[in-house]
2 protein chains.
Amino acid sequence: MKKNAFYAQSGGVTSVINATASALILEARKHKNIGKIFAGKNGILGALNEDLIDTSKESISAIESLQSRAGGAFGSCRFKLKDFESNKKEYKRLIEVFKAHNIGYFFYNGGNDSADTAFKVSQISKKLNYPINCIAIPKTVDNDLVLTDCCPGFGSAAKYIATSTMEASLDVKSMAATSTKVFILEVMGRHAGWMAASSSLARKNKGDAPHIILLPEVIFNQKKFLGQVKKTVSRNGYCVVVVSEGLKNNKNKFLAEADTKDAFGHAQLGGVAPYIANLITDKLKMKNHWAVSDYLQRSARHISSKTDLDQAMGVGIKAIQYAVKGMNGVMPIIVRGKGKKYTWKIEPAPLSKIANLEKKLPKSYISKNGMDVTPKAVEYLQPLIQGESFPKFKNGIPEIKDLKLVEVKKKLGPWT
Amino acid sequence: MKKNAFYAQSGGVTSVINATASALILEARKHKNIGKIFAGKNGILGALNEDLIDTSKESISAIESLQSRAGGAFGSCRFKLKDFESNKKEYKRLIEVFKAHNIGYFFYNGGNDSADTAFKVSQISKKLNYPINCIAIPKTVDNDLVLTDCCPGFGSAAKYIATSTMEASLDVKSMAATSTKVFILEVMGRHAGWMAASSSLARKNKGDAPHIILLPEVIFNQKKFLGQVKKTVSRNGYCVVVVSEGLKNNKNKFLAEADTKDAFGHAQLGGVAPYIANLITDKLKMKNHWAVSDYLQRSARHISSKTDLDQAMGVGIKAIQYAVKGMNGVMPIIVRGKGKKYTWKIEPAPLSKIANLEKKLPKSYISKNGMDVTPKAVEYLQPLIQGESFPKFKNGIPEIKDLKLVEVKKKLGPWT
């Protein structure tokens, strides 16, 4: 029997999450037992509020254009469903909406918090006796999902960071004789240092930047760090530091802790680069510059990795295929081939083993002094940034095609 | 009679300053009355210290590869020659080095401070009776040189800013329902708002970001600003602010003033984005994110403007042609055609009318409320970011070819 599908984007977006959506929608259109694809307006809130966008109203070329569009085209959200037991109301509302719109497929495109939500939704088949095929689709620049070899979105952020580190370091190098000696780039990564680690891909020759990589997995040692900066500048003329936003001190406090928390209760970070910069000014009296990439690094579709883009589209296609096969509570994950040449394929993995877990940098990826990564890390990271897939430019910037975003007529009362 | 040439990079580098060097060196190799091109190691310091790089040792393909290399390949410097009267010693040393290496051409690639240095050097023909053809070549992301329609380096930074603003705003837009409502991007521009203004090129439709542009030409009005943010968020769901590092308060103080000064005595800035972010958190209680591009925006060769690159190369070629014609104390400037379709050509202009002057945004480019630019500004800016010229990528990042950088054997004692 033909059932409609619900697709939603969740959590922080990436430069290729729309490519996943594009591939998923185009694949779904090929399957006779899938009716329409409704995209949730602002993620799962779209389901709860019955704010459904009818993607069947979009032309093929409009859906294809999503492949080169940054951000989350249908809106994302930071909203985690509570436990089934503590908030049955939310689940009952979901089922109400699903029933009203004949939805039998649920696709949730997010990170580990979202895998948890998807896992809970996948259980309503059993617990509330509503038949649903729920597939979580990986997406996170943090690269911290377990089981999968890497996460769609990460490779592109890594390419942005490697390229930016390389470009800025050529700049600093040329200024160092009379001006800026130290450059600090702050990158994302709350608990896992994958993004900071990817800056190592900026290197070509010995002595190339980055010279110091500060990871959230390693407690910040101020004395050791300043010693390393001093040594690098005296040997090299300049020093480039890449620092993760999640860097902590020996009291287990974020160096850049702000007082605000996000909707998941995580501390909201930002500002470790100026902290480090002040330290260098104060203690070493060295002129320095600092940059904070923030959203720029995760939305930089103009420099997405082709490998990452292919994988982002691949998981979208597989999600549909798994659902049509009747799977529930799984995630299509990237599996790396064992050979020397990089290969990858996609396989299903159970959400129960993914939800809420976090993959940090393994010890073997962190250098002995704690301020760099090992060749093993580089070997892992290198393939993920390979290939370019520049968007089409119009008027000097990447072209963004307008979507119709037609909302489905509501059949239910408002959700309270 | 055949004379050698000296070429030096000066001040903050751009993503296309090496393209100017490349075009200049390749053009010089065509002229019989120019011998070798010596590049100053770290700008004019290379002349004073007799640190000369012999570019004739580099292959054609190595010189061509400079066209896609960020930073300043020979090293730049922040060093301004003192007045002729107050420091004759420096000028005498220059002549000593020029004589020792048979240098009759002097090319200085920089901004308005550098135009001043070049102007002083051009006068030693007359004042110290040493024949020299001195040409200053424009370069600055600040776009603040007078007479020239625009400055090589600016168009590329503008393209980076427009693209980044567009990409990040698609990201914020998708997060705004439950999370980040305001995004702040800090861009360079100490006294002139050209770079901040270029973010306006990110817009396509009405309501598109950026919603507020804070320029150094307009005193910051906190109340008006916060009102505008509030209005934008309630109308639009989110608000993107682009702010120039040089934004000042009504006491004529930089909002982000640091205590350090650079070698030219300018206050060194950075950090107005976190200032604005704190304001929004405190006064409006709105979740926000901020980014500081710093060196990333001026070194982003991966997204340079083709128009800018062509102009950067054009001024390099013309510099050689002017020098060979016997000109002295001039700069090749970009002259915009008067027709509706954008055209440009290069003409010589006297350094005496350029040195030390600063071109700010004209009043007609600033919107009435002081927090945006006018259509006239967009009309001026639009052509400068047109066209792409992606570098060749290798291993996932832009390829950087190694240069030999062979230093010329010293003939003089050290400069003290």
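Predicted model: local features only at pLDDT ≥ 70, side-chain atom pairs only at ≥ 80, totals over all residues.
Where does the axis come from?

Now the interface. Here 67 residues of chain A are in contact with 66 residues of chain B. Which elements of chain A give two or more residues to that side? They are helix H7 (154-175), helix H10 (272-284), strand S9 (288-292), helix H11 (295-299) and strand S13 (397-398). H7(A) gives the most, with 13 residues. By class, this side of chain A divides into 30 nonpolar, 24 polar and 13 charged residues. And 99% of the interface residues of chain A are also interface residues in chain B, so the copies meet through the same surface.

Move to chain B and look at two helices. H9 covers residues 222-236, and H10 covers residues 272-284. How do they pack? Their axes are 11 Å apart, at an angle of about 75°. That makes H9(B) roughly perpendicular to H10(B). From H9(B) come Gln222(B), Leu226(B), Val229(B) and Lys230(B). They meet Leu279(B), Ile280(B), Lys283(B) and Leu284(B) in H10(B). The residues of this contact are 5 nonpolar, 1 polar and 2 charged.

Stay in chain B for helix H5, residues 112-122. Is H5(B) mostly covered or mostly open? Mostly covered: 11 of its 11 residues are buried. Among them are Asp113(B), Asp116(B), Phe119(B) and Lys120(B). The buried residues of H5(B) pack against helix H4 (88-100), strand S4 (103-110), helix H6 (124-127), strand S5 (133-138) and strand S10 (330-336) of chain B.

Now some backbone details. Most residues other than glycine have a negative phi, and most peptide bonds are trans. Here are some exceptions.

First, the prolines. The peptide bond from Ala209(A) to Pro210(A) is cis, with omega near 0°. In chain B, the bond from Ala209(B) to Pro210(B) is cis too, with omega near -5°. Pro210(A) lies in the loop between helix H8 (194-198) and strand S7 (212-214) of chain A.

Then, two asparagines. Asn143(A) is not a glycine, yet its phi is positive, at about 55°. Its place is the loop between strand S5 (133-138) and H7 of chain A. Asn143(A) has 28 C-beta neighbours inside 10 Å, so it counts as buried. Asn356(B) also has a positive phi, about 70°. This residue sits in the loop between strand S11 (344-350) and helix H13 (375-381) of chain B. Asn356(B) is exposed, with 11 other C-beta atoms within 10 Å.

Last stop, Gly337(A). Find it in the loop between strand S10 (330-336) and strand S11 (344-350) of chain A. Buried or exposed? Gly337(A) has 11 C-beta neighbours inside 10 Å, so it counts as exposed. Gly337(A) and Asp149(A) are 188 residues apart in sequence, but 9.9 Å apart in space, C-alpha to C-alpha.

Notes
Residues numbered from 1 in each chain as written. Chains lettered and ligands numbered in written order. Axes fitted to C-alpha atoms, helices over the stretch in contact; angles between N-to-C directions. Helix = DSSP H or I, 4+ residues; strand = E, 2+ residues; numbered from the N terminus. Parallel < 35°, antiparallel > 145°, perpendicular 65-115°, else oblique. Contact = placed C-beta atoms within 7 Å. Nonpolar A, V, L, I, M, F, W, Y, C, P; charged D, E, K, R; others polar. Buried ≥ 20, exposed ≤ 12 C-beta atoms within 10 Å, placed from the backbone.
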